[in-house]
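Here is a short briefing on a protein model. Look at the sequence and the structure first, then read on.

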Amino acid sequence: MQDKKRRSNREQTEETRLTLLKAARAAFMERGYGPTSTPEIVSAAGITRGALYYHFPDKRALFRAVIAQEMSDAASAIDVAAARSPDAGSALAVGMSAYLDAMAIPGRARLLLLEAPAVLGPSDMARLDDERGTRTLRDGLAAATGRDMPILAALLSAASERAALLIEQGDAARNDVEQEIVALIAKAISADRSV
């Protein structure tokens, strides 16, 4: 019995935290923030409420952790896709396509673009977005134009979020939206180069 490796307290703690995040993510993605209760999350995770509150002081903190992870996952998918592009200009187009793919996961667009700003507030969302989503777009624009363009990055980020919502809500076809947003990026880059 001594030969079996015992998991350290740190490993058990991290496993419990990940289990909580997974259960919370599933519940928030399916039902949203408001209708999801902490008792149903702990039940789905198979842990106690005490364990939940050991890791997260309240439901909002758990929700924020889920949102941060979802934003990181989307940003990573964009980074991976854009890294395969031959140049910075095409990396922006490929990155936009990867963004739309990432936002097509059922429930993600609603969660990140509608519920998270309402629950977390504009300043917390801006911090999270700056660390993840807008950073990726801002870096891509800088690589394509040779200069930092934070305002253009913020505007294109807003346009891409609206594009994801149009697709998610069924108001526009994915291909049509993608063509328009990629054309917008191309125009923004070419306008910057002609100045």
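Is Phe63 buried or exposed? Phe63 has a relative accessible area of 0%, so Phe63 is buried. Buried means under 20% relative accessible area, exposed over 50%, and partly exposed in between (1.4 Å probe, protein chains only). This is a predicted model: local features need pLDDT of at least 70, side-chain atom pairs count only at pLDDT 80 or more, and totals for chains, interfaces and linings use all residues. Residues are numbered from 1 along each chain as its sequence is written, and side-chain values use heavy atoms, with hydrogens and water left out.

**Aromatic rings**

- The whole structure holds three aromatic pairs. Rings of Phe, Tyr and Trp (its six-membered ring) pair if their centres lie within 6.5 Å; planes under 30 degrees apart are stacked, over 60 edge-to-face and the rest tilted.
- Phe28 and Tyr33 are stacked, because their ring centres are 5.9 Å apart and their planes are at 25 degrees.
- Phe28 is buried at 0% relative accessibility. Tyr33 is buried too, at 18%.
- Tyr33 and Phe63 pair edge-to-face, with ring centres 4.8 Å apart and planes at 65 degrees.
- Tyr33 sits in the loop between α1 (9-31) and α2 (38-45), and Phe63 in helix α4 (residues 59-83), so this pair ties together parts 30 residues apart in sequence. Helices (H or I, at least four residues) are DSSP runs, numbered from the N terminus, as are strands (E, at least two).
- Phe28, Tyr33 and Phe63 make one aromatic cluster.

**Salt bridges**

- The whole structure has 11 salt bridges. Each is a side-chain nitrogen of Lys or Arg within 4 Å of a carboxyl oxygen of Asp or Glu.
- One of them joins Arg31 and Glu30, at 3.3 Å from N to O. Arg31 is partly exposed at 33% relative accessibility, while Glu30 is exposed at 61%.
- Arg60 bridges to Asp124, with the closest N and O atoms 3.7 Å apart. This pair links distant parts of the chain: Arg60 is in helix α4 and Asp124 in helix α7, 64 residues apart.
- Arg60 is partly exposed, at 32% relative accessibility. Asp124 is buried, at 6% relative accessible area.
- Asp124 also meets Arg127 in a salt bridge (3.4 Å, N to O). Arg127 and Asp124 are three residues apart in helix α7, so about one helical turn separates them.
- Arg60, Arg64, Asp124 and Arg127 form one network, joined by salt bridges that share partners.
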